[in-house]
Amino acid sequence: MARLILIDTATAAGSVSFAEEGRVVASFGHSQAEDHAAYIADYVYRGLSQLQLNGTAIDAIAVSAGPGSYTGLRVGLSTAKGLCYAWNCQLILLPTMEIMAAGYRQLHPEIHEPGFLVPVLKSRKNEVYAALYKTDGTTIEPARPVQLDEEDFSTWRNYLPMHVFGEGADRIINKLQPLSVKIALDTTYQLHASHMAELAERAFCSGQFADLAYAEPFYLKPTYVGK
Amino acid sequence: MNDAGKTNLHHANPVNKTITLLAIESSCDETSAAVIRDGKVLANLIANQKIHEQYGGVVPELASRAHMQNIVPVVDLALKQAGVEKNELQAIAFTQSPGLIGSLLVGASFAKALAVALNIPLIAVHHMKAHVLANCIDEPRPSFPFLCLTVSGGHTQIVLCKDYLDMEIIGQTIDDAAGEAFDKTAKLLGLPYPGGPLIDRYAQQGNPHRFHFPRPQVPGYDYSFSGLKTAILYFLREQSAEDASFIEKNLPDICASVQQTIIDILMQKLIKAAEDTGIREVCIAGGVSANKGLRKRLLEEAEKRGWHAYIPDFQYCTDNAGMIGFMAYHQYLAGAFTDLRVTPSARGDWKMAES
Ligand SMILES: Nc1ncnc2c1ncn2[C@@H]1O[C@H](COP(=O)(O)OP(=O)(O)O)[C@@H](O)[C@H]1O
């Protein structure tokens, strides 16, 4: 049985969950990005106290690795690295959009006909991050930056029915709504560490671990260096 | 445990026990970790980020990314080199401010996680105060009170240090830092970044009295270096208009003259502060204190004025975790721990948590 700590700080909301065998047993969270640096370590402390665990009981730390806010992702991953290093435990990196897709399926058990899930996050102006999954979780297109002015949204019609969700979804409503009635938009979905539980358990069982020293967030973009 | 209150990982320290700390520094472009036992630095590892040289300055996003990949190897090597196991540590110290926020966040988050995981207290250290205390790490040590001229890439300060945790800035730059004056001059001369050490090297073969640059008039113990930068810019432009290879032909003399000017400006206020306060224990700190001309001049002034002058070992001049750990050791003795919700800040508040 794996006992895991799950950390998500990819967007403004931040959270930490404790999971056992893919089941969430404790969760902590906040809604402001400024709070990531203040609270994430504290949540771990509180979770350990509440569950009366010490570090030797933890098998791995799973982090929501991006895309997302660079700073947020780094707070999450540096915290995870510190925990893994101190406890000699494994590190698991999970693509944030896969976590979103898993979370959405969990929250919407009514979706059972074959179809497509498109998680969307805000990036910068005129850009969002999006990925394309089948409702069974299979990846069709991994996360990528989508330029709102350049994207040929008509191709999205090839993947119907489609569920588009996440805090970036409202940015593309007007692009997608005219395309088909089979595109459902949901801007209320909120990313949370607890949505990582199943994926993290699966990654743990199949031994998909990241290199502790050199693991990096999924930045998706090289650094832009102005001269 | 009190959910609403602040979480403090405190443990009573039995008297006479050895105190072993791990310190992490990530304020700018150096990832550093040190192990300190009873105030003695057992290991002080510094990973430079060469990448910034090709951009002519520190690129914050690149620095943050590099810290993320350096942090585990650097900490691990520091512990191995010190021969210390994680479970022997009594506290984790980290640089809380000032610095690049993205860089600070990596070190701070890692340090907080270690403190939680090892269930030991956390100590937040002010980077500029640690620079001052770098003078107290090894023999010979200044006695309190002493004056410290801290000169780095981002700061120029005269600090009156009354005790390990009791210091006050009595003068500082109102614009550029001394290190910036070196680096910007170097850039004008077409030298690669960071230019300070190169100016130092060329200056050794040059005539410091060949060219004259204005000294600023600033009240009190404060400094200004932006006027010098402008003066050098115009000087080089004029001379190069007359002779396109002016810089090439006169590089050592230009470097020596600029360096002499910067040192004069720095020393003038330091001398004034020493005279006014009557303090004869005088130190320098920060990256620019590696400058040979400045070191020599400090020793000459000390000789002339009956000061005791101190210069930290080179490894404690530039950004390093050794000094962070040394300061943290004194915070530890004073019981100045921080709660787990501490966050780093780019602009350091001088009146910080440690006292
Ligand atoms: N020998 C030297 N002469 C002059 N300046 C130097 C010398 N060595 C380093 N510096 C300058 O010191 C600065 C870096 O010091 P450091 O304390 O690491 O600064 P910061 O913490 O502000 O980045 C740079 O501006 C560099 O050019």
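**A walk through the two-chain model**

Let's begin with the record: UniProt, in an unreviewed entry, lists residues 33–149 of chain A as "domain: Gcp-like"; such positions follow the numbering used here, feature names are shortened, and annotations may be inferred rather than shown by experiment. Keep in mind that this is a predicted model, where local features need pLDDT of at least 70, side-chain atom pairs count only at pLDDT 80 or more, and totals for chains, interfaces and linings use all residues. Residues are numbered from 1 along each chain as its sequence is written, while chains are lettered from A and ligands numbered from 1 in the order in which they are written.

Residues 33–149 of chain A are 39% helix and 29% strand, with 28 Å between the end C-alpha atoms (helices are DSSP runs of H or I, at least four residues, and strands runs of E, at least two, numbered from the N terminus).

Now look where the chains meet. Helix α2 (residues 70–87) of chain A and helix α2 (residues 101–118) of chain B have axes that come within 7 Å and cross at roughly 35° (axes are lines fitted to C-alpha atoms, for helices over the stretch in contact, with angles from 0 to 180 degrees between N-to-C directions). By class, this contact has eleven nonpolar, six polar and three charged residues (Ala, Val, Leu, Ile, Met, Phe, Trp, Tyr, Cys and Pro count as nonpolar, Asp, Glu, Lys and Arg as charged, and the others, Gly among them, as polar).

Finally, visit the ligand. Its shell divides into six nonpolar, eleven polar and three charged residues. In chain B, α4 (178–188) and α5 (196–203) each supply at least two shell residues. The ligand lies between domain 1 (20–132 + 317–333) and domain 2 (140–311) of chain B, because both give residues to its shell (the bounds come from an automatic or database domain assignment).
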